[in-house]
There are 2 protein chains.
Amino acid sequence: MKDGPNIATLAALIGDPARANILTALMSGKALTASELAHEAGVTAQTASSHLRKLEDGALIAHRQQGRHRYFTLTGDEVARALEGLMGLAATQGQLRTRTGPKDQELRTARVCYNHMAGEMGVRLYRSMQDRGAFRTTHSGLDLTPQGYDFVRDLGLNPDGLPPSRAPLCRECLDWSMRQSHLAGRLGRALLSRFEDLGWVARVPDSRILRVSRRGEKEFDSILG
Amino acid sequence: MKDGPNIATLAALIGDPARANILTALMSGKALTASELAHEAGVTAQTASSHLRKLEDGALIAHRQQGRHRYFTLTGDEVARALEGLMGLAATQGQLRTRTGPKDQELRTARVCYNHMAGEMGVRLYRSMQDRGAFRTTHSGLDLTPQGYDFVRDLGLNPDGLPPSRAPLCRECLDWSMRQSHLAGRLGRALLSRFEDLGWVARVPDSRILRVSRRGEKEFDSILG
DNA sequence: GCGATGCTTCGATTAGCGTCGAAGCATGAA
DNA sequence: TTCATGCTTCGACGCTAATCGAAGCATCGC
């Protein structure tokens, strides 16, 4: 009856508090150094180093050297998506870190999920695109329809001009606060940075919170209907 | 930066091999006794008892007493969904338990995911329903459109006649083998048991595999297009 | 009533792993 | 070169948690 992939080692990897803190910090999408992550996790540099090694062996994170610094990131969307899934389950059990403080509310409104937008705004965006028939499902996953292309182009973005990568253009990611899908993948990433460039949203330092500007709110309302 | 729900305790709960085996066994959707689960996990009854207690404290499983037996099940879709998510990530890292044996292929074709259908067939079903506009997203999640009602009724099922519960009617669940959504929720459950009644699919004992009958294949082909 | 079965609690053992101090090794700055 | 910074390796400590034997407690069948 032991069917399917082995989840024990993977879950055990995430299951240590220090490592979970490291992963959560990396969900901001920013590349962080080993010392920064050690501080985030609340452990010494030696301990963090050991954890980082394990996470890297488990292919959850990767690093690139820059001078004497080591910048760590999640290995990709897949990891972020699975972590959001775990957060979703944890949230239903009231395992919130802070008892629904004001910060928590801000997280629900809009936040960064690795490199794309999540929260209420992220789900609204995805739903709106879906409603106008922007997506089509193919054998290999989600793809953009002509309507989808138009929508993206209206935002001043050329889907074909995105940096090529083996990551899919569109991917759905389950939102832990909304329990619905939002858009991930290369397009999700591009849209978030576009919104930042336009000044519609801005990252709050040292957190995953995205603050929606007054102008952003107006624009989103008019675009997403 | 420690934003969002606390995933460490949850992941640690899943991260023990014995407990992971228990949870995987329960993904079949069948209620299993403590001794059966002990056997699945490869530990003694005492050890299993301890694990079951922890899983229950963590609200991942629940039990109901029946005579001198204790039947355990997952607490709901949410749990199954998160576990499938973990399997998805584990699968991308080649953490397959068996090196793509024939059993693995059967799992990918069609399998039980707690109480609904997953795998290729599950994704095909969901995609087909989506293509004919069966779903509509509301503030509370996924809902059936009139077209959706028609589709379900054509299968001899009355969506309004389903046993009421606080679980949503429709819910999407991310498939670990297809990396796309399939249908969960009360409707997902009802559809699977309908397919079983019709003799289109049959559960393979002691596994999550769903075997599609010759007739089932034909029917699915004609219905799902 | 009696024994068998299913499961739990208790207690003791053990192993694994997270933790940090100290030392080592690069890179960068002075 | 010399010192500081960022990070890793080594070694030792300590604690948690998984494990099982033995005993206890229900329930079922006779």
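**View 1. Residue pair in β8(A) and β9(A).** In this predicted model, A:R171 of strand β8 (residues 171–174) lies opposite A:A184 in β9(A). The strands β8(A) and β9(A) (residues 181–184) run antiparallel and are joined by four bridges; two strands pair if DSSP finds at least two bridges between them. Strands are DSSP runs of E of at least two residues, and helices are runs of H or I of at least four, numbered from the N terminus.

**View 2. The turn of the hairpin.** Six residues separate β8(A) and β9(A) in this hairpin. Within the turn, A:R179 has a positive phi of about 60°.

**View 3. Side chains of β8(A).** A:R171 and A:C173 point one way, A:E172 and A:L174 the other way, and all are buried. Buried means under 20% relative accessible area (1.4 Å probe, protein chains only). In a regular strand, side chains alternate between the two faces of the sheet.

**View 4. Chain A as a whole.** Chain A holds 10 helices and 11 strands. Its C-alpha trace spans about 50 × 45 × 45 Å along the principal axes. Of its 225 residues, 54% count as buried.

**Notes to all views.** Local features need pLDDT of at least 70 and side-chain atom pairs count only at pLDDT 80 or more, while totals for chains, interfaces and linings use all residues; side-chain values use heavy atoms, without hydrogens and water. Residues are numbered from 1 along each chain as its sequence is written, with chains lettered from A and ligands numbered from 1 in the order in which they are written.

Terms used. Buried < 20%, exposed > 50% of the residue type's maximum accessible area, 1.4 Å probe, protein only.
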